[in-house]
Amino acid sequence: MTEPTPKILIADDEPLYRETTAEFLREEGYQCVCVEDANDALDALNNHRFDLILSDLNMPGNLKLELLNEGRTKYSDTPMIIVTGVPSTSSAIESVRLGVADYLLKPVKLDELLVAVRRALAHGKQSLNESRQRDGSAAKSDSQVAGRTDPNDSDTNTRGETTGKGKDSFGIDVVGQSQQMREVMEIVDRVAASNTSVLITGESGTGKEVIARAIHRRSPRSGRPLQVIDCTAIPESLFESTLFGHVKGAFTGAVSDQSGLLQAADGGTAFFDELGELPLVSQAKLLRVVQEQTFTPVGRDTVVRVDTRFICATNRDLQTEVDADRFRRDLFYRLAVIHIDLPPLRQRQEDIVLLAESFLHRLRAPDSPALGFSDATLDCFRRYRWPGNIRELRNVVERSLTLADGQWIEPADLPTTLTTAVAETESQGLVDDLAEISRDEALDRADRAYLDVLLQRHGGNIAAAARQAGLSRQGMNKLLKRHDIDVAPYRK
């Protein structure tokens, strides 16, 4: 028997976001009803049954979070996801206490939103089934029903993401042929089969979560959840409730029993992202779980035992944090049994083009005119320092695909900050080299750099480049021949 199509209520006062989100979710097979304020949302809820509420917080008619409070009180069986561009501690705490399925920050990527929706709908269906079972039979013990996830589910995280096995947070598998990445993947393959704790360090955007997912997918735990826990998103006052769960009445607003994130990771892997941001008090509470694999939900006296592997990531130097008494030494040694340090993209020259091509293949729409990168663009990629690492490269590729109107993505389609930085690096490199070379060689390099800029600007049009240089076409051809420059790549 075919199940009915899930129906989603989208409440947001931003027309572009509202309609874009609805169109995207409809293409994924969901029914969507859109409203622009809280009053219309409550009217819709009173007159129709919805499987999920997707709501902003800051919109007309919701000044005191009426939709959040009334929605969770009157429609407690309907999961709710908050998507807000103006987050606040008070609204986050209220959301957690009311049992909101997810709390996402704008701008949220559509693929992240989709996995949050899927997770919320699955959890809502599970809760409804459990409620029906309780109504028809004696209640089962907590150990039988709490915190379990279908072993066939894909990877999940604190935001409810269901990413699908084989894909990482950048939307591709691990890509790299550099010696540094080969060494990293050798370690990944060796540690995957064990239960050893792993600490992954590296600059922001280097792919720490990618490596964590690779370890999980290669491990015997791959059939169980990978629970991603963002340490920066959990207020210290809610750390225990969020991780360990709570029982009904444990605190004001605890209207029902709530499983914690660690219980959802039972049998799987808990990935603590931005571990270095955890306050010392929270570090002490985490240490016990790591050591004993047990915790006590807020408001309960009984201990819950879990079987969980711990993988953590940070862009901080935790050894320095330990020496400065900002990170517990005992927790550091517990979590850093295996230490994987990811190199920045600027040290992985062999991987830049591979990654760019991978992103291009994934992000390119079927009707996009752009088939690939021009040689000049790939040269820019190789010469750029990539301070934002792989995440920045992905954003550049996505932006370029949007702006490109020809068959090839050209330097003109790249952000000006990137091309300017490349030009400045080239100029500085030329200045630094002047003391080491002869005058003739310096003039020769300057000539070649000037011709390169001209040809890029004019798309390989020799006549136009000659006019700007104040040369005849014949003179320009002589210069090109002398420097052995082929104009064909510029014409792509």
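**Reading the inside of the chain**

Me: Start with one residue. Is phenylalanine 310 buried or exposed?

Reply: Look at relative accessibility; under 20% is buried. Phenylalanine 310 has 2%, so it counts as buried. Phenylalanine 272, at 1%, is buried too. Keep in mind that this is a predicted model.

Me: What share of the chain is buried?

Reply: Buried residues are 46% of the 492. The accessible surface comes to about 24300 Å², with 48% of that belonging to carbon and sulfur atoms.

Me: How do I read a ring pair?

Reply: Two quantities describe a pair of aromatic rings: the distance between centres and the angle between planes. Seven aromatic pairs are counted here. Take phenylalanine 272 and phenylalanine 310: the centres are 6.1 Å apart and the planes at 25 degrees, so this pair is stacked. The cut-off for stacking is under 30 degrees.

Me: Which parts of the chain does that pair tie together?

Reply: Phenylalanine 272 sits in strand E11 (residues 269–273) and phenylalanine 310 in strand E14 (residues 309–314), so the pair joins parts 38 residues apart in sequence. Elsewhere, ring pairs link Phe373, Phe381, Tyr384 and Trp386 into a cluster. A charge can also lie over a ring: lysine 7 is over the face of phenylalanine 50, 5.4 Å from the ring centre.

Me: How do I read a nonpolar core?

Reply: In soluble globular proteins, nonpolar side chains tend to be buried together. The largest core here has 30 residues. Ile229, Leu243, Leu262, Phe272, Leu275, Leu286 and Phe310 have the most contacts inside it. Among the elements giving two or more residues to this core are E11, E14 and helix H11 (280–292). H11 gives the largest share, four residues. A second, separate core has 25 residues, including Ala356, Cys380, Tyr384 and Leu401.

Me: What does leucine 275 touch, leaving out residues up to four places away in sequence?

Reply: Its partners include Leu199, Cys231, Leu286, Cys312 and Leu335. For the chain, take contacts between residues at least 6 apart in sequence: 71% of them join residues at least 24 apart.

How values were computed: Residues are numbered from 1 along each chain as its sequence is written. This is a predicted model: local features need pLDDT of at least 70, side-chain atom pairs count only at pLDDT 80 or more; totals for chains, interfaces and linings use all residues. Side-chain values use heavy atoms; hydrogens and water are left out. Rings of Phe, Tyr and Trp (its six-membered ring) pair if their centres lie within 6.5 Å; planes under 30 degrees apart count as stacked, over 60 as edge-to-face and the rest as tilted. Buried means under 20% relative accessible area, exposed over 50%, partly exposed in between (1.4 Å probe, protein chains only). A charge sits over a ring if NZ of Lys or CZ of Arg is within 6 Å of the ring centre and within 35 degrees of the ring normal. Contact means heavy atoms within 4.5 Å. Accessible areas come from the Shrake-Rupley method with a 1.4 Å probe; for residues, only the protein chains shown count as cover. A nonpolar core is a set of buried Ala, Val, Leu, Ile, Met, Phe, Trp, Tyr and Cys residues joined through side-chain atoms within 4.5 Å.
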